[in-house]
Amino acid sequence: MARIAVTALGVDRPGMVAAVTGVLMEHGGNLEDSAMTILGGHFAMMLVVQIPDGQRPTDLEAALAVGVAHLGLTVAVRPVAGPPGDTGAGEGTDEGEAESGATWSVSVHGADRPGIVHRVTATLAEHGANVVDLTTRVIGRPEQPAYVLLVRFTLGTATDESALAAELQELAGQLGVEIHARPDDADIL
Amino acid sequence: MIRSVLVLPDPVLARPCQPVGVIDADARALAVDLVDTMRASAHSVGVAAPQIGVSRRAFCLDVTGHPKARSCHGEVVLLDPELVEPPGGGPRPVGREGCMSVPDLTGDVARWPVIVVRGTTPDGHQRELEMDAFEARAAQHELDHLDGLLFLDRLVATDRVFPRRVYR
């Protein structure tokens with residue numbers, strides 16, 4: 001069995017998930033992990049699908065394109081290596097840096113201005129951290145919008161936590177935003 | 001006096017507050033303003049001083065009539081409040097919180113289910129209150145404001161923010 005990642009993007013309207021998953025089902029696909037969101041009236045979805053031996057990803061991509069054409073969706077299919085839940089951070093990683101497993105969350109908020117997401121995520125990358133989840137929102141009055149950035153990331157084995165925390169605080173001053181970083185704490189029951 | 005409520009990105013909201021100290025006329029006026037501002041907003045159950053632009057450790061709350069309240073001390077105004085450690089009650093339940101200072105969003109936050117809060121009332125008395133359920137959640141939310149923290153800084157996960165319907 002092989003695995004593929006399917007992505008779909010288009011102006012939101014009813015029927016998109018049904019259309020994409022219908023084509024996948026017709027081609028013997030088994031849906032595993034997925035995520036979807038609607039931002040600014042646009043629909044975006046990502047699915048990891050197990051496909052039968054002999055099913056070529058390129059053929060499936062062509063079938064999807066036909067199947068969703070009436071909805072104005074753009075679809076793409078790419079092969080994925082590894083078993084379910086594999087982050088793919090094995091041999092494919094450029095830096096080959098293994099994750100330490102420690103997960104942190106960071107909340108950033110302040111006056112909206114260009115560069116917040118890039119500067120924060122670049123700082124994380126420089127310290128070997130890997131972003132696993134990210135949400136941003138613009139809120140408040142149009143005359144003075146506030147930007148909210150929430151990032152969840154895993155530390156690399158070589159990440160110096162206090163150096164990263166210090167650099168994030170310095171970045172907060174430069175950007176004129178508040179940055180609060182803390183380890184994730186889950187009660188494992 | 002009803003005061004305007006500051007909203008993000010006002011920097012006062014992020015500033016840890018100074019103690020009130022001596023309960024003087026200014027402190028009592030602050031207490032009145034906090035309550036007046038809370039009463040002026042139909043859905044508010046609490047207001048912290050930084051939300052009305054005052055960087056002092058003071059808040060008010062009133063969970064009377066809230067369906068999720070168990071303990072209820074009615075109108076509570078505390079100056080220089082502090083959490084009596086350790087909070088108890090086991091694992092922290094998650095609830096969805098909003099805030100007048102964070103428009104357009106709500107988010108899921110874990111809070112201690114049972115707390116004891118100690119502080120000074122506007123007439124100068126020491127008070128110690130045991131709170132649980134929604135009242136405990138509200139008090140912790142207000143205490144966070146006094147440390148310059150918003151519910152956005154306490155979310156259980158980055159994807160646990162939601163759009164908020166604005167009540168007009």
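This is a short tour of a structure with chains A and B, one selection at a time.

The model is predicted, so local features need pLDDT of at least 70 and side-chain atom pairs count only at pLDDT 80 or more, while totals for chains, interfaces and linings use all residues. Residues are numbered from 1 along each chain as its sequence is written, chains are lettered from A in the order in which they are written, and side-chain values use heavy atoms, with hydrogens and water left out.

**Stop 1: where the chains meet**

Show both chains. The contact (heavy atoms within 4.5 Å) takes 24 residues from chain A and 20 residues from chain B. About 1700 Å² is buried between chain A and chain B, and carbon and sulfur atoms give 61% of that area. Buried area here is the accessible area (1.4 Å probe) that two parts lose on being put together, summed over both.

Now select strands S5 (99-111), S6 (130-139), S7 (146-156) and S8 (177-183) of chain A. These elements each give two or more residues to the side of chain A that touches chain B. Helices (H or I, at least four residues) and strands (E, at least two) are DSSP runs, numbered from the N terminus. The residues on this side of chain A divide into 8 nonpolar, 8 polar and 8 charged.

A salt bridge is a side-chain nitrogen of Lys or Arg within 4 Å of a carboxyl oxygen of Asp or Glu.

**Stop 2: the cores**

Go to chain A. Select Val6(A), Val20(A), Leu24(A) and Leu64(A). They have the most contacts inside the largest nonpolar core, which has 20 residues. Such a core is a set of buried Ala, Val, Leu, Ile, Met, Phe, Trp, Tyr and Cys residues joined through side-chain atoms within 4.5 Å. Buried means under 20% relative accessible area, exposed over 50%, partly exposed in between (1.4 Å probe, protein chains only).

Stay on Val20(A). Leaving aside residues up to four places away in sequence, Val20(A) touches Val6(A), Ala8(A), Met45(A), Leu47(A), Leu64(A), Val68(A) and Leu73(A). Then pick Val108(A), Leu175(A), Val177(A) and Ile179(A). They are included in a second, separate core of 19 residues.

**Stop 3: salt bridges**

Over all chains, the whole structure holds 18 salt bridges. Start with Asp59(A) and Arg56(A), whose side chains meet in one (3.3 Å, N to O). Asp59(A) is partly exposed at 39% relative accessible area. Arg56(A) is exposed at 52%.

Move to chain B. Arg111(B) pairs with Glu97(B) in a salt bridge, with the closest N and O atoms 2.9 Å apart. Are these two residues buried or exposed? Both Arg111(B) and Glu97(B) are buried.

Next, select Asp144(B) and Arg154(B). Their salt bridge brings the closest N and O atoms to 2.8 Å apart. Asp144(B) is in helix H2 (residues 133-146) of chain B and Arg154(B) in the loop between H2 and strand S8 (161-163), so the pair ties together parts 10 residues apart in sequence. Asp144(B) is buried at 5% relative accessibility, and Arg154(B) is partly exposed at 35%.

How values were computed: Nonpolar A, V, L, I, M, F, W, Y, C, P; charged D, E, K, R; others polar.
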